[in-house]
Amino acid sequence: QICWPGKERPITLALMVDGRAVATEKTAPRASTDGIERVRIAIPADLVDGGTHRIGLLAVAEPPVPVGAPIELRLSVVSEAAWSVRGTLVEGWIVGACDRAVTLELIADGSVVASVPVTLEAGRPATFAGMLPHQLTDGQTHRLQVAVAGERATPLKHVSGGLEVDFRRRI
């Protein structure tokens with residue numbers, strides 16, 4: 001939400017990501033009941049990569065004028081997700097922040113042990129399931145995580161609310 005004087009004329013805003021303009025939006029003059037102008041500019045899907053980016057707005061003028069202070073924001077393909085383990089089956093659901101095919105990594109003791117392809121649609125839950133390898137049924141305790149490939153720094157939440165769980169099975 002932004003507020004600036006002279007809203008009686010259109011203004012062009014540039015969405016700045018990591019110091020470069022990635023999208024623009026021309027706002028039309030309109031009556032505001034609370035003195036705040038609301039603008040929606042979509043972040044290009046290729047920037048939704050799991051990394052932390054510096055996001056800001058710039059009023060395109062001579063000279064350009066920053067609108068508010070930029071923020072640091074992690075742009076993940078995941079809106080929300082949860083997973084659980086049943087036997088050696090890891091299953092769950094994931095809601096995408098954008099439309100994209102991703103690979104989920106099943107991680108045991110810090111190493112990827114299986115991969116599961118998932119096609120995300122923005123705002124819609126998608127289910128997934130993947131089998132843990134039989135080598136993990138050795139009776140030892142293993143730490144399990146599930147993460148989007150390329151976003152391992154932020155694993156998906158287990159249904160218990162944690163980011164990893166202990167797994168111990170013997171067959």
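The questions and answers below take up a sheet, a strand, a residue and a pocket in turn.

Reader: Before we look at details, what kind of model is this?

Author: The coordinates come from a prediction, and local features are taken from residues with a pLDDT of at least 70. With that in mind, what we are looking at is a predicted model.

Reader: Which strands form the edges of the open sheet of four strands?

Author: The sheet has the order β8-β7-β10-β11, its pairing is antiparallel, and the twist from one strand to the next averages 30°.

Reader: How many bridges pair strand β7 with strand β10?

Author: Strand β7 covers residues 100-108 and strand β10 covers residues 142-148, and the two pair in the antiparallel sense. One place to look is A108, whose bridge partner in β10 is L144. Over the whole pairing, the number of bridges is five.

Reader: How many of the seven residues of β10 are buried?

Author: A residue counts as buried when its relative accessible area is under 20%. Strand β10 is largely enclosed by the rest of the structure, because the buried residues among its seven number five.

Reader: Is H53 buried or exposed?

Author: H53 has its place in strand β3 (residues 52-59), and, leaving aside residues up to four places away in sequence, H53 touches V17, D18, L47, I71, E72, L73 and L75. The relative accessible area of H53 is 8%, and since the cut-off is under 20%, H53 is buried.

Reader: How far apart in space are H53 and L73, C-alpha to C-alpha?

Author: L73 is among the residues that H53 touches, although the two are 20 residues apart in sequence. In space, their C-alpha atoms are separated by 5.4 Å.

Reader: Which strand gives the largest share of the lining of the second largest pocket?

Author: This pocket holds about 160 Å³ of space, and its lining includes V78, S79, E80 and A81, as well as R74 and K157. By class, the lining has five nonpolar, three polar and four charged residues. The largest share, four residues, comes from the strand spanning residues 78-86, which is β5.

Definitions and conventions. Residues are numbered from 1 along each chain as its sequence is written. This is a predicted model: local features need pLDDT of at least 70, side-chain atom pairs count only at pLDDT 80 or more; totals for chains, interfaces and linings use all residues. Side-chain values use heavy atoms; hydrogens and water are left out. On a 1 Å grid over the protein atoms alone, a cavity is a set of points where a 1.4 Å probe fits but cannot get out, and a pocket is an open set with protein on both sides within 12 Å along at least five of seven lines; lining residues have an atom within 4 Å of a point. Grid points are joined across faces, edges and corners, and a volume is the space filled by probe spheres set on the points. Ala, Val, Leu, Ile, Met, Phe, Trp, Tyr, Cys and Pro count as nonpolar, Asp, Glu, Lys and Arg as charged, and the others, Gly among them, as polar. Two strands pair if DSSP finds at least two bridges between them. Axes are lines fitted to C-alpha atoms, for helices over the stretch in contact, and angles run from 0 to 180 degrees between N-to-C directions. Buried means under 20% relative accessible area, exposed over 50%, partly exposed in between (1.4 Å probe, protein chains only). Contact means heavy atoms within 4.5 Å.
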